[in-house]
Amino acid sequence: MIPLSHFMLISAVLFCIGLYAVLTKRNAIQVLIGIEFMINAAILNFVAFGQFDKIKGGGQMFALFAIVLAAAGVAVALAIILNVYKHFRTIDPAKIDTLKD
Amino acid sequence: MKILNFSADTLCLLTIIAIVFPFLSFLMIILGKQYKKSTISIFNISISFISSLLIFSNLWNGEVVHQQVEWFSVGSYVFSAGFLLNNLSVLMMVLVSGISLLVHVYSTAYMKGDENIHKYWAYLGLFCFSMMALVVADSLLLIYMFWELVGFSSFLLIGFWFTKAAASQAAKKAFIMNRIGDIGFLTGMMIIYAQFGTFDIVKLFGNGGLIDSASIVDGMWISASAEMSVIWLSLAGFAFFMGTMAKSAQFPLHTWLPDAMEGPTSVSSLIHAATMVAAGVFLLGRIYPLFDSLVLNIITVIGIFTAFMGATIALTQNDIKRILAYSTISQLGFMVAAMGIGAYGESIFHLATHAFFKCLLFLAAGAVIHQLHYHKKQHNLEFDHQDIRLMGGLRKQMPIAFITMSIAAAALAGFPFTSGFLSKDAILITSFEWAEGYNGFKKLVPYIFMLTSWITVFYIARLIFRVFFGKPRYEGIKEASSVMNRVLVVLAFCSLFLLFSFNPFSFDGSWILHGFVSSGVKRFSVLHVIIPEIVTITSIVIVFMAYRIYGSGATKTFPENGLIYRFSNRAWYFDTAYRFLFVRPVESISRFSYKFDKLIVDGLVNLLAVGVDILSGISDWFDRNIIDGFVNGISSFARKTGDFTRQFQSGKLQHYLVTMLTVVIAIFILTYFI
């Protein structure tokens, strides 16, 4: 049996890669991919901890729920990116700074 | 000899006219345009002269006119101003205005072409005004005022050619020397006022006046209103005499007069020979009753010393005007000494005759100087046109100047048929008669007089022979202009006996002497015969001697070196001594105080300035750095804080995320590890 710590480690690595991509990428799509990485790291954690709740399968349930939410989120995010592109003619988050006053 | 009879009021009016008209020429020329023409001045002085003549003809030996008005009052003290017309003043009026008129006329030719001539007329007008007012004033205060004005106008005229350094120096010297005398005059006035409470000359010095009625008891001098130690009487007399010493150039205040010759010759003639210098003698005459025997002795000694000294200095001078200046000093010494021995009338008589012949001497010398100067300019020559050693032979080239100047010289030397003979013998004989009554040094006085008058003969003969005899040095010198010559001829006539006495051999017949109170000394008839003869014969011998030395066929020479020669030539070293005694110390004191001022006073001020500068520098620095720094520090802190926090509001999504992450991690660390 694969020990829990391996899952945790993979999850942490995935999260960090996702975080790195979110913070550094110059392309909103890649940032979105980074976010997907982080969500998947969390889902992996849910599934890994699911072994302690074999009867109710709460971990599995939350993982499915999160996958659905992530898919919906990605759809919305891609729509936003599309609109951003239309508006700014770029999807580089570093160049879009109208959030400041 | 009254031509018309005038009332006292009319006479006062005439006096005012006589005084004010010369002043008008001063005013008109100062206030108005620059009148280069002499017409106005000559008209004014003529009016003055005519009025003076009218007054003279009315009042000579007549009643004394004394009119005054209240001038001003200080508290309960009332000061009055007015005229006192007695024999002395009317004589002086005619003398001053007459000689002024002649000098005015002479000046039209002498000063011709001078670019400042309008000022010359103005100054002459001012001088005549002050001198005329001086002689008629009835109050010591008024006399003092005009005394100062006379000194001032003399200052202006000496320095008339003020661009010449010597002239401005001489003007200053004359002014300062006169100021010393003025201090004496002022002191005398103060003593008199303290004692009698009035400046009125008639009240003070008139018959039975305050001076007469003041008595001396037990060493106290007692007047009606006050009393003081008797020494003050002598002091007052001496103080007034100091005024005379300065104005009439008596030892030791005589050194200004020779230097005053830097002025135009016509001015020297009018002011420094005939009129202004006589003001001192006039003052002695005005306040004569004041002098006690001590002061009279001082006056005699100083007068006779001055007479002798002036004559000896005149022996060796080479500048024609300087010879005449020292001669003037000497003659003034005669007058002063005559006052001292009580020969009041004789002194005034000599003043009158001297005024004419000395004026003539100067004007004739002026004519010579003028022609030589003209010659020098025409031929581009370079020589001192006042040095008698460089003159000679002018007898044929300028006969009128020669004849008139010889008459004046004869009058100065005291030869018969001249006015000088009468007045000089009057003084001489009176001095002999006076000395009869005394023993000791007073016996010497007449002999010094006699010796001095012989020296006088020698130096004036030297001047005449040097200037007019010998070989002509310069070709083509012509007679001076006819205007000058006419003045010279008029004055030459006035230098003869006829104007003063019908008998050329005895001064007893002189009308001027009769106009004054007799000296009251015992008369020795035998002296009246012997002395004029001795003096005249000796004088002729001296003239002959002088001719042998300086005349055409000079066979003898006068030793021009040696101690005595140098002593005389350098004017007894008075100027040197004064420079050493007074000028140098004053100069070093003023140099010291200049340095004190420069270093200490200025230094202190500068130090203060530097201190203030440093203080303000400090406060400037404080203001700039501390106060402004504080304010600026606050603002820059706010700015920096703002700048720092602004970074978080970059508007970039990923920055927000980093920030958020940092904060979360920070909270995490804070919660679990610290």
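Reader: Which residues of α2(B) are buried?

Author: This is a predicted model, in which local features need pLDDT of at least 70, side-chain atom pairs count only at pLDDT 80 or more, and totals for chains, interfaces and linings use all residues. Residues are numbered from 1 along each chain as its sequence is written, while chains are lettered from A and ligands numbered from 1 in the order in which they are written. A residue is buried if 20 or more other C-beta atoms lie within 10 Å of its own, exposed if 12 or fewer, and partly exposed in between, with C-beta atoms placed from the backbone. In α2(B) the buried residues are S41(B), N44(B), I45(B), S48(B), F49(B), S51(B), S52(B), L54(B), I55(B), F56(B), N58(B) and L59(B).

Reader: What do the buried residues of α2(B) pack against?

Author: Helices (H or I, at least four residues) and strands (E, at least two) are DSSP runs, numbered from the N terminus. Contact requires C-beta atoms, placed from the backbone, to lie within 7 Å. The elements that the buried residues of α2(B) pack against are α1 (8–31), β1, β2, α3 (87–110) and α4 (117–136) of chain B.

Reader: What distance does helix α2 of chain B reach from its first C-alpha to its last?

Author: This helix covers residues 39–59, which is 21 residues. The expected span of a helix is 1.5 Å times one less than its number of residues. That gives 30 Å for α2 of chain B, and the model is close to it, at 30 Å.

Reader: How many bridges join strand β1 to strand β2 in chain B?

Author: Two strands pair if DSSP finds at least two bridges between them. Strand β1 (residues 65–74) and strand β2 (residues 77–85) of chain B run antiparallel. They form a hairpin with two residues between them, and G75(B) in the turn has a positive phi of about 60 degrees. The bridges joining β1 to β2 in chain B number nine.

Reader: Which residue in β2(B) is the bridge partner of Q67(B)?

Author: Q67(B) is bridged to a residue of β2(B). That partner is F83(B).

Reader: Is A239(B) buried or exposed?

Author: A239(B) is found in helix α9 (residues 231–247) of chain B. Not counting residues up to four places away in sequence, A239(B) touches G184(B), T187(B), G188(B) and I191(B). G184(B) is 55 residues from A239(B) in sequence, yet 4.3 Å away in space, C-alpha to C-alpha. Because A239(B) has 22 C-beta neighbours inside 10 Å, it counts as buried.

Reader: What is the phi of R89(A)?

Author: R89(A) lies in the segment after α3 of chain A. R89(A) is exposed, because 8 other C-beta atoms are within 10 Å. R89(A) is a residue other than glycine, but its phi is positive, near 55 degrees.

Reader: What radius of gyration does chain A have?

Author: Chain A comes to three helices and zero strands. Its C-alpha trace spans about 50 × 25 × 25 Å along the principal axes. The radius of gyration is taken over C-alpha atoms, and the globule rule is 2.2 Å times the number of residues to the power 0.38. A compact globule of 101 residues would be near 13 Å, but chain A has 17 Å.

Reader: How many residues of chain A are in contact with chain B?

Author: On the chain B side, eight residues take part. By class these are three nonpolar, four polar and one charged, where Ala, Val, Leu, Ile, Met, Phe, Trp, Tyr, Cys and Pro count as nonpolar, Asp, Glu, Lys and Arg as charged, and the others, Gly among them, as polar. On the chain A side, the number of residues in contact is nine.

Reader: Which residues is K652(B) in contact with, leaving aside its neighbours within four places in sequence?

Author: K652(B) is found in the loop between α24 (574–646) and α25 (653–673) of chain B. K652(B) counts as partly exposed because it has 18 C-beta neighbours inside 10 Å. Its contacts are P93(A), A94(A) and D97(A).

Note on methods:
Two residues are in contact if their C-beta atoms, placed from the backbone, lie within 7 Å.
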